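Colleague: I am new to this structure and would like to learn how to read it feature by feature. Could you give the general idea each time, and then the case at hand?

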Amino acid sequence: MKKYTQEEFDRFPVDERGRKQCPSGDYTLIQKFPERCSFGECCSFGECCSFGECCSFGECCKCEFGEFQAMYTAGGFGSGGRTTYFFHMADGSICVRCGCFKGTVDEWEDQVKKNARKRRFS
């Protein structure tokens with residue numbers, strides 16, 4: 001997985017609405033995200049998130065699930081080819097954000113299986 005530097009991130013193109021288009025990858029080296037960052041459709045780390053000054057996804061970083069220690073991404077999931085975000089939570093659990101889905105890794109696995117069965121019998 002490509003690990004982006006702050007310099008590379010700063011050079012990503014911005015669309016006509018002022019949104020930065022970010023490919024899948026590892027963003028753990030990024031120290032500053034723009035104001036009102038979004039991380040994709042239906043994603044919410046919190047309204048108008050900026051991760052706080054000098055956040056490096058380290059100690060005390062929080063997302064919609066609570067405090068997390070690390071975030072991992074994987075691209076190409078679902079019919080929309082969405083990026084999926086996996087959060088290693090401070091309590092050791094794993095939470096997932098994929099499109100409009102959010103929940104535990106077990107709930108995500110159940111949802112994936114459910115959707116696969118629907119497609120198979122459609």
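Modeller: Let us begin with strands, which are DSSP runs of E at least two residues long, while helices are runs of H or I of at least four residues, both numbered from the N terminus. Two strands pair if DSSP finds at least two bridges between them. Here cysteine 95 stands opposite threonine 104 in β5, and four bridges join strand β4 (residues 94-98) to strand β5 (residues 101-104), the two running antiparallel. Please keep in mind that this is a predicted model, in which local features need pLDDT of at least 70 and side-chain atom pairs count only at pLDDT 80 or more, whereas totals for chains, interfaces and linings use all residues. Residues are numbered from 1 along each chain as its sequence is written, and side-chain values use heavy atoms, with hydrogens and water left out.

Colleague: Which residue takes a positive phi in the hairpin of β4 and β5?

Modeller: That residue is glycine 99, whose phi is positive and near 60 degrees, in a hairpin with two residues between the strands.

Colleague: How many bridges join β3 to β4?

Modeller: Five bridges join these antiparallel strands, and histidine 88 stands opposite isoleucine 94 in β4. β3 and β4 also form a hairpin, this one with four residues between them, and glycine 92 in the turn has a positive phi of about 95 degrees.

Colleague: Is β4 mostly covered or mostly open?

Modeller: For that we need accessibility: a residue is buried under 20% relative accessible area, exposed over 50%, and partly exposed in between, using a 1.4 Å probe and protein chains only. β4 is mostly covered, since four of its five residues are buried.

Colleague: Which residues make up the largest nonpolar core?

Modeller: A nonpolar core is a set of buried Ala, Val, Leu, Ile, Met, Phe, Trp, Tyr and Cys residues joined through side-chain atoms within 4.5 Å. The largest one has seven residues, namely Cys63, Phe68, Met71, Tyr85, Phe87, Met89 and Cys95. The elements that give two or more residues to this core are β2 and β3 (82-89), and β3 supplies the largest share, three residues.

Colleague: How should I read the aromatic pairs, and how many does a search of the whole structure find?

Modeller: Rings of Phe, Tyr and Trp (its six-membered ring) pair if their centres lie within 6.5 Å, and planes under 30 degrees apart count as stacked, over 60 as edge-to-face and the rest as tilted. The search finds five such pairs. One of them joins tyrosine 4 and phenylalanine 12 edge-to-face, with 5.1 Å from centre to centre and 80 degrees between the planes, and both of these residues are buried. Another, between phenylalanine 65 and phenylalanine 87, is tilted, at 5.8 Å centre to centre and 55 degrees between the planes. This pair links distant parts of the chain, as phenylalanine 65 lies in the loop between β1 and β2 and phenylalanine 87 in strand β3, 22 residues apart. Phenylalanine 65 is partly exposed at 24% relative accessible area, whereas phenylalanine 87 is buried at 0%.

Colleague: Which residues do ring pairs link into a cluster?

Modeller: The cluster consists of Tyr4, Phe9 and Phe12. Phenylalanine 9 lies in helix α1 (residues 6-11) and is buried, with 3% relative accessibility.

Colleague: What is the idea behind a salt bridge, and what is the count here?

Modeller: Side chains of opposite charge can pair when their charged atoms come close. A salt bridge is a side-chain nitrogen of Lys or Arg within 4 Å of a carboxyl oxygen of Asp or Glu, and by this rule the count comes to five. Lysine 2, for example, forms one with glutamate 8, the closest N and O atoms being 2.8 Å apart. Lysine 2 is partly exposed at 40%, and glutamate 8 is partly exposed at 21%.

Colleague: What does the salt bridge of glutamate 64 and lysine 102 tie together?

Modeller: The side chains of glutamate 64 and lysine 102 meet at 3.7 Å, N to O. Glutamate 64 lies in the loop between β1 (61-63) and β2 (66-77) and lysine 102 in strand β5, so the pair ties together parts that are 38 residues apart in sequence.
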